[in-house]
Amino acid sequence: MQTINMLPSLLELHLSSCELSGFPHYSSSFVNLTSLLVIDLSYNNFNSTLPNWLFNISTTLRDLYLNVARIKGPIPHVNLQSLGNLVNLDLSYNNIGREGIIELVNGLSFWCNNSLEELHLGHNGLGEVLYLSDNCISGPIPPWIVNMLRMKILDLSFNQINGTVPKSIGQFRELTEMCLDGNSWEGVIAEIHFSNLTKLGYFSLRLSTKKQYFHFHVRPEWIRPFSLKYVYISNYNVSFMFTGWLRTQKGLDIIVLKNVGISDTIPEWLWKLDIEFIDLSRNQLFGKLPNSLSFSSTTFLVDLSFNRLEGSIPLNIGDSSSLEVLRVSGNLLNGSITSSVSKLKGLEAIDLLNNNSSGDIPKNWNDLHQLDVIDMQLMFGDNNLIGELSSSLQNCIRLYSLDLGNNKFSDVMPKWIGERMSSLDQLRLRDNMLTGDIPEQLCWLSELLILDLALNKLSGSIPQCFGNLTALTSVTLLDIENDKACTSYSNRMELVVKGQVMEFKSILPIVNLIDLSSNNLWGQILEGIMNLSTLGTLNLS
């Protein structure tokens, strides 16, 4: 450091990945690097707090990279205004801790900086983070943020921020991404918040539960200054219907307007958008699905679940070659399930739960054995389907979730489920008219966590090998990161636990259950079942 300090005209100092340990302890007056524009000390092993002199090293400093450097908190008490020309500050992937992050954010409140474009504080012992997300920031938006007029990305998601969204955000002319998820906003977000955001391409505003005291209000005739590629709004009250809002956004790839209170029919032009992902679930959409409907060649997910849509699955749905996920559960659909669905060779999940569909399950699933996917979900439960369990379903060898519960299937409990569906970890066939013995082949399902065969006409004894269901002897960890992902698809299932019907969604992967109740089973309770150490619910009544 003494050698470097003899270079007062040095403009850039790059010492990344040099196995440095410990900062030298100098007074600010000793350091003579007054011309520095860039300091990169990332990927080192300092294992100490930041020295005061680093924050006063140069008033011309533009970029300061200290990520992945084993830096500890707290942040030193310094006048951060000396870094008034800083454009990029990266302190991510250290161990500064909550107090240090809060201290830095509070310090920035006195730092009137119009040049800062990127501030990375992620992964400092506070969980999954991006920029300022997940950092336990509370209270109103810190005032220094509204002065960062050259900011390109604003991510305040998953903090504890409350109060209103400042109207001055609409002056961030360089802003391309704005993510305000998971806070406790109040008031209104309106046209003025977007007035000069001509470069905005990504906007996300979502909560885990609906807030009645925060509204998204724009006029139908408002001309948007931006062209979004991604919009995600959920669990907020919005004032618009479809008129003019989405139609003006020509470059949209992803639309999520979930549980936002839209009461409208789905316009014909929406189906013609060249879009990858569309989620309009949990609104009050009404009207009939068209008899003929073919999605764009880029569309891989469509979620229209929990609305008031009528009609039946379009007859030509199988022509949508790129479709991977189709969710229309919780609507008023009726009629038979078109055999066209079995032509969706990229299919990963189809969810028709809680409708009024009737007739047989399509019998031509013969092509799906070629699916090159890890997970596949088939959910036709809670309808009025009849007949036998189609043996062609055994070609869906990568199924991990099969839900045909609450229908009127009358068949002998098939052996091929255990023989062919080795990836299955959720099997729900409750409340049908299945007969025969419980096949021993179910014991071959080494991944099985949920087995619900209640309310059938099964007979005989419980197979001795049930104690060998190995997945019920190990702990399954919940993937919280996937739960926060905006475009992830999560399964759901209704199960009876402690005598109550409960819907499981986010925690479904860690629900371990065997329900064989209300059948004609006999014999002793197997000692082997007692070895299923992580089994949470066992119902043999």
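**Notes on the predicted model**

1. Ser518 has a relative accessibility of 41% and therefore counts as partly exposed. Ser518 belongs to the loop that joins strand S35 (513–515) to strand S36 (520–522). The phi angle of Ser518 is positive, near 55°, although the residue is not a glycine. Please keep in mind throughout that the model is predicted.

2. Tyr43 also deserves a comment on its backbone. Its phi is near 55°, a positive value in a residue other than glycine. Tyr43 is found in the loop between strand S2 (38–40) and strand S3 (63–65). With a relative accessible area of 46%, Tyr43 is partly exposed.

3. As for the chain overall, there are 541 residues, and buried residues make up 53% of them. The chain contains three helices and 37 strands. Of the contacts in the chain with a separation of 6 or more, 63% are between residues 24 or more positions apart. The accessible surface amounts to about 23,400 Å², and carbon and sulfur atoms contribute 50% of that area.

4. Three strands form an open sheet in the order S6-S8-S10, and the pairing is parallel. Strand S6 (138–139) and strand S10 (184–185) are at the edges; each has a single partner strand, so one side of each has no neighbour in the sheet. S6 and strand S8 (residues 160–163) run parallel and are joined by two bridges. Within this pairing, Gly139 stands opposite Ile161 in S8.

5. Strand S33 (residues 493–497) is mostly covered, with four of its five residues buried. Five bridges connect S33 with strand S34 (residues 500–504), in the antiparallel sense. Met493 has Phe504 in S34 as its bridge partner. Two residues lie between the strands of this hairpin, where Lys498 adopts a positive phi near 55°.

6. Which residues does Asn331 contact, apart from its neighbours within four places in sequence? The contacts are Leu304, Ser305, Phe306, Asn307, Arg308, Leu309, Asn354 and Asn355. Asn331 itself is placed in the loop between strand S21 (325–327) and strand S22 (334–335). It is buried, with a relative accessible area of 5%. A polar atom of the Asn331 side chain lies 3.3 Å from the backbone nitrogen of Arg308.

7. Is Asn383 buried or exposed? Its relative accessibility is 5%, so Asn383 counts as buried. The Asn383 side chain reaches the backbone oxygen of Leu352 at 2.9 Å. Not counting residues up to four places away in sequence, Asn383 touches Leu352, Leu353, Asn354, Asn355, Asn356, Ser357, Asn406 and Asn407.

8. The whole structure holds 11 aromatic pairs. For Tyr230 and Tyr232, the ring centres are 6.5 Å apart and the planes are at 25°, so this pair is stacked. Both Tyr230 and Tyr232 are buried. Elsewhere, ring pairs link Phe194, Phe203, Phe216, Trp222 and Phe226 into a cluster.

9. Charged side chains also meet aromatic rings. Arg206 lies over the face of Tyr232, 5.0 Å from the ring centre; Tyr232 is thus a residue with two entries in this note, being also the stacking partner of Tyr230. The charged end of Arg282 is positioned over the ring of Phe306, at 4.1 Å from its centre. Phe306 is also among the residues in contact with Asn331.

10. The last point concerns Lys272, which is located in the loop between strand S16 (254–258) and strand S17 (277–279). Lys272 has a relative accessibility of 64% and therefore counts as exposed. Lys272 and Phe295 are 23 residues apart along the chain, and their C-alpha atoms are separated by 7.0 Å.

Methods
Residues numbered from 1 in each chain as written. Predicted model: local features only at pLDDT ≥ 70, side-chain atom pairs only at ≥ 80, totals over all residues. Heavy atoms only, no water. Pairing = 2+ DSSP bridges. Buried < 20%, exposed > 50% of the residue type's maximum accessible area, 1.4 Å probe, protein only. Contact = heavy atoms within 4.5 Å. Areas by Shrake-Rupley, 256 points an atom, 1.4 Å probe, with all protein chains shown as cover. Polar contact = N/O pair within 3.5 Å; in protein donor to acceptor, adjacent residues only side chain to side chain. Phe/Tyr/Trp six-rings, centres within 6.5 Å; stacked < 30°, edge-to-face > 60°. Lys NZ or Arg CZ within 6 Å of the ring centre and 35° of its normal.
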